[in-house]
Amino acid sequence: MDKIQNIFAGLTGQEKTGFMDSSQPSLYVAAGAIAFNPIFWNIVARQEHKTHFLTKTFGSPHYGCYALAVTIFAIGVIRDSLYKTALEQQPIYPPLHQPEVGVVLFLTGNVLVLSSMWALGVTGTYLGDYFGILMDHKVEGFPFNVTDAPMYWGSTLSFLGTALYYGRTAGVLLTLEVFVMYLGALRFEDPFTAAIYAKKEARPVTRSMTKQKERKKA
């Protein structure tokens with residue numbers, strides 16, 4: 001029955017209905033992009049922490065971090081575009097077509113992402129601690145009083161919201177991949193970041209550091 005309906009849908013320009021079309025290459029391209037991004041930035045950030053290759057290339061830790069930030073933002077835009085293309089080439093699954101819920105989830109996710117970026121700044125958002133750019137204090141206000149990883153879970157909500165807005169089963173499955181990839185990324189990032197800050201706290205206070213504090217007070 002779905003095949004007959006989809007033939008008429010193709011002739012009339014209407015969207016096809018069905019559970020999922022696993023034959024579409026765009027589905028696997030989007031899945032590859034979703035997996036690639038967190039793997040990429042974790043490998044690059046750890047290499048920077050180990051060898052300082054971006055700092056050396058761009059002349060300072062801040063410039064190196066800005067370069068990585070632009071790269072991460074760019075591949076994020078590409079990933080989102082590939083995700084949208086994949087959904088557009090999938091059939092609508094009516095039970096999942098919930099535009100109102102999708103909009104709420106998408107907006108909630110973006111509030112978490114944008115507010116966390118505002119709270120952390122560019123270097124705090126884009127792995128500045130791997131460059132030795134450490135924050136003075138832990139951010140504990142909104143949205144970090146809601147979740148420890150607002151950018152990751154906010155992004156996951158945005159993916160899910162988009163999937164429900166378009167009513168695509170493939171979108172829900174890709175959102176599950178996003179969730180798993182971010183969960184895996186946190187398993188790597190949280191202990192590593194904690195170790196970086198532990199070294200900072202354990203570093204002995206030297207005379208030069210004391211002088212720097214006195215100058216700031218003056």
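Biologist: How many salt bridges does a search of the whole structure find?

Modeller: The search finds three, a salt bridge being a side-chain nitrogen of Lys or Arg within 4 Å of a carboxyl oxygen of Asp or Glu. This is a predicted model, in which local features need pLDDT of at least 70 and side-chain atom pairs count only at pLDDT 80 or more, while totals for chains, interfaces and linings use all residues. Residues are numbered from 1 along each chain as its sequence is written, and side-chain values use heavy atoms, with hydrogens and water left out.

Biologist: Which residue forms a salt bridge with Arg168?

Modeller: The partner is Glu15, with the closest N and O atoms 2.6 Å apart. Arg168 lies in the loop between helix H6 (150-166) and helix H7 (169-202), and Glu15 in the loop between helix H1 (2-12) and helix H2 (25-51), so the pair ties together parts that are 153 residues apart in sequence. Helices here are DSSP runs of H or I with at least four residues, numbered from the N terminus.

Biologist: Is Arg168 buried or exposed?

Modeller: Arg168 counts as buried, at 2% relative accessibility. Buried means under 20% relative accessible area, exposed over 50% and partly exposed in between, using a 1.4 Å probe and protein chains only.

Biologist: What does Arg79 pair with?

Modeller: Its side chain meets that of Asp80 in a salt bridge of 3.1 Å, N to O. Arg79 is buried at 10%, whereas Asp80 is partly exposed at 36%.

Biologist: And where do Glu88 and Lys84 lie?

Modeller: Both are in helix H4 (residues 61-88), four residues apart, about one turn of the helix. Glu88 is partly exposed at 41% relative accessibility, and Lys84 is partly exposed at 37%.

Biologist: Turning to packing, at what angle do H4 and H6 pack?

Modeller: The angle is about 25 degrees, and the axes are 10 Å apart; axes are lines fitted to C-alpha atoms over the stretch in contact, and angles run from 0 to 180 degrees between N-to-C directions. H4 and H6 are therefore roughly parallel to each other, a term for angles under 35 degrees.

Biologist: Which residues of H4 meet H6?

Modeller: Arg79, Asp80, Tyr83, Lys84 and Leu87 in H4 are in contact with Ser155, Phe159, Thr162, Ala163 and Tyr166 in H6, contact meaning heavy atoms within 4.5 Å.

Definitions and conventions: Helix = DSSP H or I, 4+ residues; strand = E, 2+ residues; numbered from the N terminus. Parallel < 35°, antiparallel > 145°, perpendicular 65-115°, else oblique.
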